[in-house]
Amino acid sequence: MNEDTSDEAVMRAVRDGDVDRLGLLFERYHARVHALCYRLTRRADAADDLVQDTFLRVLRYRDTFRGDAAFTTWLYRVAYNVCHEHWRQGRRDESPMDHSTPEAEEPRHAQPVSERHALLEQAMTRLGAEQRAVLVLTRYHDLKYDEVARVLDCTPAAARVRAHRALNDLREIYRELEQRQHELRPRARIDRR
Amino acid sequence: MNWNNDSMSCDRARESIADSIIGRGAIADASAVDAHLAGCAACRAYRAECETMWSALGELPIPAAAQDARARFDAALRTERAAAMRLSRSSIVTRRLLIAAGVVGAMAVGYGAASWNIARSSNSTRGVVAATTDTTQQYLLLLYDTESTGPGLSPKELEAIIAEYSAWGRGLRAAGKLVSAEKLKDAPSEWFGGSVSIAGGERLGGFFLIRVHDAAEARQIAEACPHLKHGGRVELRAIQKT
């Protein structure tokens, strides 16, 4: 078993008792899982912990890996559940997955590079948890509807509907934020005079 | 608004547009969507906005993962492995106790004195089939202690499972199927002529010698053994008649 060994083969080895191999999967995927957790929770520090929780859960529940789907789909499902539980366990001092407030940014929050990006970030945080998840999984992790369905534990048809609604809602929220931004600009100029 | 004579509604067109953007691929009804877009400015705007937004999503920055992520994971992995080892040892001890419960149930002579054999049964026929009374077949059920990293049992759960093993053993005895049952000591084996390894570090924990009419009945008894339900393994071997 080497660096070229497939994810599924490595995970099967982990499942069958060679748990040290999990380090290889951690190396391959911890950055992607971190990005997923960050985009779902909007908290960089929490994302670091959630990555650790995700891989430890992979270890504890390795027996449940059947190998009938891509390892990444299974991994993302574990990560999604960890993020969801993180919110449900009442860490109220941190941003919940479904109603994050952009004002509650912590020091390591990635800074948007432009006003448009800032609005888009804000629009993403206003989406519901599953809507945000479906966009994150398709946009950043290249998952197809049937894979998203496995992660969110729904049917591919339901995943598709959620994706459509998420895209529509994101567009609506973005337009609303953009409109508000335009309305505030003239007033700001007047205030400066 | 769609003023064209195309057959596609705006809702349907937008679903396909969303599919093409989200799925980054060709859509089955592309020509119908194109025909719709040719006559629907609102849907053209929808597509343009969604495409721009989708592209911009890819430019949103994310913070880097913590630099000590791997070191933290390795430390957590070591802790988990140590815990799993302790749990595994605990599980083996638990299963040995359960095998003992089955033997005790079968013999009803008390834990620590769980021993019975044909020689003794000649003096006591309480439900135990004598070895030479008929032409039935004898089978050996070998119960193995399987290593496990599963969750530990609460005292109440353990008590319930012990009762289950005990009831199974009593049932065999009451049905007159039991010839002998023994729990093996937990002491290390002494090997002569080389050791025999069993996958997964399993060890023979005890056995039940049964007397039944045929192999099907023996299998039925083996399959009902609670050892299977609780993660142990059972081997069924027929005794060669001499």
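**Close-up views of a two-chain predicted model**

**View 1. A salt bridge between two helices of chain A.** In chain A, the side chains of A:Arg28 and A:Asp7 form a salt bridge, with N and O 2.6 Å apart. The pair joins distant parts of the chain: A:Arg28 sits in helix α2 and A:Asp7 in helix α1 (residues 7-15), 21 residues apart. Helices (H or I, at least four residues) and strands (E, at least two) are DSSP runs, numbered from the N terminus. Please keep in mind that this is a predicted model, in which local features need pLDDT of at least 70 and side-chain atom pairs count only at pLDDT 80 or more, while totals for chains, interfaces and linings use all residues. Residues are numbered from 1 along each chain as its sequence is written, chains are lettered from A and ligands numbered from 1 in the order in which they are written, and side-chain values use heavy atoms, leaving out hydrogens and water.

**View 2. The interface of chain A and chain B.** Contact (heavy atoms within 4.5 Å) involves 44 residues from chain A and 34 residues from chain B. Together the chains bury about 3,800 Å², 61% of it on carbon and sulfur atoms; this buried area is the accessible area (1.4 Å probe) that two parts lose on being put together, summed over both. Of the area that chain A buries against chain B, A:Arg139, A:Leu167 and A:Arg171 supply 18%, more than any other three residues.

**View 3. Salt bridges across the interface.** Seven salt bridges span the interface of chain A and chain B. One to look for pairs the side chains of B:Arg70 and A:Glu27 (3.0 Å, N to O). On the side of chain A that touches chain B, α2, α3 (44-60), α5, α6 and α8 (156-192) each supply at least two residues. By class, that side has 20 nonpolar, nine polar and 15 charged residues, where Ala, Val, Leu, Ile, Met, Phe, Trp, Tyr, Cys and Pro count as nonpolar, Asp, Glu, Lys and Arg as charged, and the others, Gly among them, as polar.

**View 4. The largest cavity.** This cavity (on a 1 Å grid over the protein atoms alone, a set of points where a 1.4 Å probe fits but cannot get out) has a volume of about 70 Å³, the volume being the space filled by probe spheres set on the points, which are joined across faces, edges and corners. Its lining (residues with an atom within 4 Å of a point) draws on both chains, including A:Tyr38, A:Arg42, A:Glu121, B:Leu60, B:Pro61 and B:Ile62. Helices α2 (22-41), α5 (115-126) and α6 (129-139) of chain A each give two or more residues to this lining. The lining residues divide into seven nonpolar, no polar and four charged.

Conventions
1 Å grid on protein atoms, 1.4 Å probe; cavity = no way out; pocket = protein on both sides within 12 Å on 5 of 7 lines; lining within 4 Å. Salt bridge = Lys/Arg side-chain N within 4 Å of Asp/Glu carboxyl O.
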